[in-house]
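Please examine the model below with attention to its charged pairs and its nonpolar core. A series of questions and answers then follows.

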Amino acid sequence: MNPMLRSISILLLASALATGGCGKPAGKIVERPPSRLPVYNSRIMQPVWLHEDPVPEKDIHHVLPFSFTDQQGKGKSLADLEGKIYVSYFFFASCSGICLKMAEELKRVQDFFSEHEEVRIVGHSVTPGIDSVTALEAYGKEKGINPERWHLLTGEKKEIFDLARKSYFAVTDGKDDDYKNLIHTENLVLVDKEKLIRGVYNGTYPQDVNRLMEDIAVLLTEQAGSAEKR
């Protein structure tokens, strides 16, 4: 493990154990271990700590399935992210505004976790009619993107817009059936191995992306521990 990541993981795990508490009796509700990170369960994006305020498993929001094409021309679905911790975001390759800063900040994330195969970045193009596989491949090369770890996806516009609003809650304004107006958001969404949303960050702010990297380290430590216990 990267020495810097190991230090972050140890410090944050200690913090989580110190503040986590034992939680409430779960009954028929699936019991979850204490975690430093909340779950974001609805579009109002109110954080919930499931070990403290458990809800029935059927009421917990999971990222919805999808199937698109990446910059290598390969099919990429949610199933391909099984066992992965990933950052999801929405962009378009010709964007000359916030997308440039987001790409720069996400490159830091990619490089920091380069030795961790279970960490991925997933970008969804909101102009799929323009962002062909060829265009995304060229964009990825320009930005120094590793296509094995950072997937740039294109597909049906309606499906991508629905994913942004109904699955990742990356966009909470506008109507769900508005497929004409461009979705333009700086939000980065952190998803854990159980396909739960664990954090939302402003991808144009370096300090917020630092917090994202700290939270990825938390999930790597926590969810590796959970896997060992199983």
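The questions below concern a predicted model and take up its salt bridges, a charged helix residue and the nonpolar core.

Q: Is Glu105 buried or exposed?
A: Glu105 is found in helix α2, which spans residues 98-112. A residue is classed as buried when its relative accessible area is under 20%. Because the relative accessibility of Glu105 is 3%, the residue counts as buried.

Q: Which residues does Glu105 touch, not counting residues up to four places away in sequence?
A: Within helix α2, residues 98-112, lies Glu105, whose side chain is joined to that of Arg108 by a polar contact of 2.7 Å. Once residues up to four places away in sequence are set aside, the residues touched by Glu105 are Gly203, Pro206 and Val209.

Q: Which residues are in contact with Tyr168, leaving aside its neighbours within four places in sequence?
A: Tyr168 is among the residues with the most contacts inside the largest nonpolar core. With its neighbours within four places in sequence left aside, Tyr168 is in contact with Val63, Phe66, Tyr86, Ser88, Phe90, His124, Leu163, Val189, Val191 and Ile197.

Q: How far apart are the closest N and O atoms of Asp192 and Arg198?
A: The structure holds 16 salt bridges. Asp192 and Arg198 are both buried. These two residues form a salt bridge in which the closest N and O atoms are separated by 2.9 Å.

Q: Is Glu142 buried or exposed?
A: The side chain of Glu142 meets that of Lys143 in a salt bridge, at 3.8 Å from N to O. A residue counts as exposed when its relative accessible area is over 50%. Since the relative accessible area of Glu142 is 61%, this residue is exposed.

Key:
Residues are numbered from 1 along each chain as its sequence is written. This is a predicted model: local features need pLDDT of at least 70, side-chain atom pairs count only at pLDDT 80 or more; totals for chains, interfaces and linings use all residues. Side-chain values use heavy atoms; hydrogens and water are left out. Helices (H or I, at least four residues) and strands (E, at least two) are DSSP runs, numbered from the N terminus. Buried means under 20% relative accessible area, exposed over 50%, partly exposed in between (1.4 Å probe, protein chains only). A polar contact is a pair of N or O atoms within 3.5 Å; within protein, one must be able to donate a hydrogen and the other to accept it, and residues adjacent in sequence count only if both atoms are side-chain atoms. Contact means heavy atoms within 4.5 Å. A nonpolar core is a set of buried Ala, Val, Leu, Ile, Met, Phe, Trp, Tyr and Cys residues joined through side-chain atoms within 4.5 Å. A salt bridge is a side-chain nitrogen of Lys or Arg within 4 Å of a carboxyl oxygen of Asp or Glu.
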